[in-house]
Amino acid sequence: LSSPSESGKLPLLRDLPVDPSTLCRLASSCFHAAEDLHVVEGSWTLVRIAVRLLTSKHGYLLKETKIQDIIGLCNACATNKEIGKGRDYISRTLARRLVQLLNEALQETKAESASGLLMLSEATPGELCSLFWSLGEIGVRHSSTDDNPLSAFKKLRLVTKRPLLSRDELESLSPTSFALLLNAIVSLGTTSTDPSFVQNVLRHFKSKVNELASGPEFCQVVESLSLIRRLVGHLSKKRKKSQVDQDNPDVLQDIQLNSEGCQDTAEVKKNSTTKEEIHGLCSRLLSLTADVAMPKVSSFTAKEMRTLLSTYSVLPLPADTLVDAMDQELAKRIRALERAGQMEDSASIENLVRKAADDAVEAANAFASLSEGAAPPTTARDDDEHSVVAREIEGLSELLDRAAAATSAAAARLERVVRGTRVTTDACLRRLEEGEAIELGRCQELVSDYRRIEFSK
């Protein structure tokens, strides 16, 4: 695999000593490892090679690849933040071929006759949520009324005549998968194309809100719910304007003359009712999410708190308990930063660690010399007591030795970093403190903005 990056040419498919699934796993694993470790080089090049090979020859290798491995590769394309290097071209190439297979599969009526339906059936509902999220991030849009579904992939349109997930699949989703699915609904544009599916998702998610745990999950859920709520509200306003136009007999006559191929009045009213219920569900879920997040405020970062505060302030939606808890947490963190800033300049991290290492070594040496100079036993009883004390002294001596070794290793590592980077630990901490103080100040401004909102009763 090193030759393509050197010569700029892809190897022949028959010359590859690896199967497609293994190539997908290798590419996605290296990409995520590079994000976490920042030491793996060439990970995006490997992703590009895998995508180019899998999408060549009309993407026939995708049909021979496990859906879990395709989802991993698609996720790597969606999360890539690098500018250039054919990022959009590579990501959209994979999405286009994958959407082509999905559209072909979803148009079939029998599972055995669909080339990609069996592949989808092997994926768990959570993995499908990850797939839909990745496709939405790349630029795929959902459509249910395309005139030619088999050619819609050219416009990155995912065409389905049935819900993306069934009711049974929705019941088995975890809170993390629901967060991805809600985000996918926004990015795919499913709110306007399949409101009934969105309604079912929100109903099933209501029982999973209490299981949300991490700050990123809360932020993703709250942002997605607010966008869905805003979108259905916008669509509702457009519907009301359409109703006003229909009250005009001339406009109504024009609508009746051009009503071929349109939905009947009953279906329009049904969709309108569904979107109104979606708006109410989003509001109730946002309030419930705020109540669940309130006890977990202490584990949120300042950026996560700012995201939640800005969302509830912009909506606007009452979340007094959450805002009060955040206000208290912000005050605690600001006081902690103020106390940290009052430390003496001489008490640097390097000096403190070095002093701790020296004191630990000195204590270990002093204890060793003290135990060696202990008086020997004179009687049998003294001998028993001496053996017990000796074992305790030996354990304490080992504990002191380990503490001295650990602090010495920490001091040596700090010294190597300072010599190599010419940046002190205190300077790094000071920058972190300043950045955190700015973020906390923004949060306090959002709290003040929320306090000024007069919510209607």
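S130 sits in helix 7, and in this predicted model that serine is a handy place to start looking around. With a relative accessibility of 15%, S130 counts as buried. Leaving aside residues up to four places away in sequence, S130 touches I71, N75 and L180. Two of these names, I71 and N75, come back below as part of helix 4, where that helix meets helix 7.

**Helix 4 against helix 7**

- Helix 4 covers residues 67–79 and helix 7 covers residues 125–138.
- The axes of the two helices lie 9 Å apart, and the helices pack at an angle of about 35 degrees.
- The crossing of helix 4 past helix 7 is left-handed.
- On the helix 4 side, the residues that take part are I67, Q68, I71, C74, N75, C77, A78 and T79.
- Facing them from helix 7 are E127, S130, L131, W133, S134, L135, E137 and I138.
- Sorted by class, this contact is made of 9 nonpolar, 5 polar and 2 charged residues.

**Cysteines**

- How many disulfides does the structure hold? The count is 0.
- Is C77 buried or exposed? C77 is buried, and its relative accessible area is 1%.
- C428, by contrast, is partly exposed, at a relative accessible area of 33%.

- Helix 15 runs over residues 302–314, which gives it 13 residues.
- From first C-alpha to last, helix 15 reaches 18 Å, close to the 18 Å expected at 1.5 Å a residue.
- Buried residues in helix 15 are A302, E304, M305, T307, L308, L309, T311, Y312 and S313.
- Where does P316 lie? Its place is the loop between helix 15 and helix 16, the latter spanning 320–341.
- The peptide bond leading from L315 into P316 is cis, with omega near -20 degrees.
- As background, most peptide bonds are trans.

**A positive phi at L156**

- L156 has a phi near 55 degrees, a positive value although the residue is not glycine.
- Most residues other than glycine have a negative phi.
- L156 counts as buried, with 4% relative accessibility.

- R284 belongs to helix 14, which covers residues 265–293.
- At a relative accessible area of 47%, R284 is partly exposed.
- Which residue is 78 residues from R284 along the chain, with a C-alpha separation of 9.0 Å? That residue is K206.

**The protein as a whole**

- The secondary structure comes to 19 helices and 2 strands.
- The protein has 457 residues, and 39% of them are buried; S130, C77 and L156 are among the buried residues.
- Of the contacts between residues at least 6 apart in sequence, 78% join residues at least 24 apart.

Conventions:
Residues numbered from 1 in each chain as written. Predicted model: local features only at pLDDT ≥ 70, side-chain atom pairs only at ≥ 80, totals over all residues. Heavy atoms only, no water. Disulfide = S-S within 2.5 Å. Buried < 20%, exposed > 50% of the residue type's maximum accessible area, 1.4 Å probe, protein only. Helix = DSSP H or I, 4+ residues; strand = E, 2+ residues; numbered from the N terminus. Expected span 1.5 Å × (residues − 1). Axes fitted to C-alpha atoms, helices over the stretch in contact; angles between N-to-C directions. Left-handed = near helix turned anticlockwise from the far one by under 90°. Contact = heavy atoms within 4.5 Å. Nonpolar A, V, L, I, M, F, W, Y, C, P; charged D, E, K, R; others polar.
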